[in-house]
Amino acid sequence: MTQSSHARVTLLSDGHCLSDGGGQYGLVPRPRWMRLQAPDEHNRIPQDLRSLLIRLPGRVIVVDAGCGDKPGLDSYYTVVRPRGSLLDDLARHGIAAEQVTDVILTHLHGDHCGWLTRPTGQGGYRGINTPFTSGDLAPVFPNARHYVQRREVEAALSPNERTRNTYFAENIQPIAAAGALTLLDGPAEIAPGVRTVFTPGHSEGHQSVIIEDATLDAPSARGTLFYLGELATVMIQFVRLPWVTAYDVLPMTTIDSKRTWQAWAIETGAIVITGHDPDVLAARIVRDKAGFASAVEVR
Ligand SMILES: [Zn+2]
């Protein structure tokens, strides 16, 4: 493996969405999950729309890209942005979209890749899940190479009854058309010390990201970072293997992926970050003498 160089990592946000609590917690009975995340009067819970900014010498890497701002988005996600969008958050950290060299996507659900493309205003594109032609949408990160698992792209471009309300071709096809998409077949090294690992279950081609020798700025921590994406949506779902969302297309595969990577996280002491937890930003996973895993929050 290539020698890692020191990475500076910042948690970014595209705001949060309000999701159905039952959808997020799947088979877990409401009285159990509502003690951890109190739902509103519509049974909704906030889910942070998290991205990572990874700065390495000569590289600016973004991991996951929120919901975007395409017309009609609000019929699919209730997005709330009190501090602005992902692009605003990048700007707050001194990064313009043109400076981003690499974009890693954990998967292609609409709340993880919405900011890959934007309407050009030239064509007839009317919004999410409506027909579009080349020229209607352009890449948001024009100088970036985008990395996603081949299997995920295949699933996204031929959605079924269960997935067609979350896989939107307009988020990814213009990137492929621009020649800016790299399809991965399993684990891959993206930059020195930055690699993806294959963690299927939530979606068919889901991947997670490991960053070695990293400094996380807030909460402040140093070590190996493990960005789960939606291997677990919130931290408690990484600790409790059977806690899987109702949206996972292969729930038993999710549980197997979590079993493998939870053991790895305990063994290595890696700092774990989820894609959506609004409360626990980062944690180390430990196992007690009785064998039960728990998350020790990094503050
Ligand atoms: Zn997802």
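Modeller: A cavity is a set of grid points where a 1.4 Å probe fits but cannot get out. In this predicted model, one cavity of 30 Å³ or more is present.

Colleague: How much space lies in the largest cavity, and which residues line it?

Modeller: The largest cavity holds about 40 Å³ of space. Its lining consists of E230, L231, A232, T233, Q237, W243, V244, T245, D248, T254 and K258. By class, four of these lining residues are nonpolar, four are polar and three are charged.

Colleague: What makes residues count as protein donors of the zinc ion?

Modeller: A donor must be an N, O or S atom within 2.8 Å of the metal. H107 (NE2), H109 (ND1), H202 (NE2) and E230 (OE) lie 2.1 to 2.3 Å from the zinc ion, and they are its protein donors. Their spacing in sequence is H-x1-H-x92-H-x27-E. Two of them, H107 and E230, link distant parts of the chain, being 123 residues apart. H107 belongs to the loop between β5 (102-104) and β6 (117-119), and E230 to the loop between β13 (221-227) and α6 (235-239).

Colleague: Why is the arrangement around the zinc ion called irregular?

Modeller: The four donor atoms subtend angles of 91 to 173°.

Colleague: How do you know whether H107 and E230 are buried or exposed?

Modeller: Buried means under 20% relative accessible area. H107 has 0% and is therefore buried; E230, at 5%, likewise counts as buried.

Note on methods: Residues are numbered from 1 along each chain as its sequence is written. This is a predicted model: local features need pLDDT of at least 70, side-chain atom pairs count only at pLDDT 80 or more; totals for chains, interfaces and linings use all residues. Side-chain values use heavy atoms; hydrogens and water are left out. On a 1 Å grid over the protein atoms alone, a cavity is a set of points where a 1.4 Å probe fits but cannot get out, and a pocket is an open set with protein on both sides within 12 Å along at least five of seven lines; lining residues have an atom within 4 Å of a point. Grid points are joined across faces, edges and corners, and a volume is the space filled by probe spheres set on the points. Ala, Val, Leu, Ile, Met, Phe, Trp, Tyr, Cys and Pro count as nonpolar, Asp, Glu, Lys and Arg as charged, and the others, Gly among them, as polar. Donors are N, O and S atoms within 2.8 Å of the metal (3.2 Å for Na, K and Ca); water is not among the atoms, so sites may look incomplete. Four donors count as tetrahedral if all angles lie between 85 and 135 degrees; four count as square planar and six as octahedral if opposite donors are over 155 degrees apart and all others between 65 and 115; anything else is irregular. Helices (H or I, at least four residues) and strands (E, at least two) are DSSP runs, numbered from the N terminus. Buried means under 20% relative accessible area, exposed over 50%, partly exposed in between (1.4 Å probe, protein chains only).
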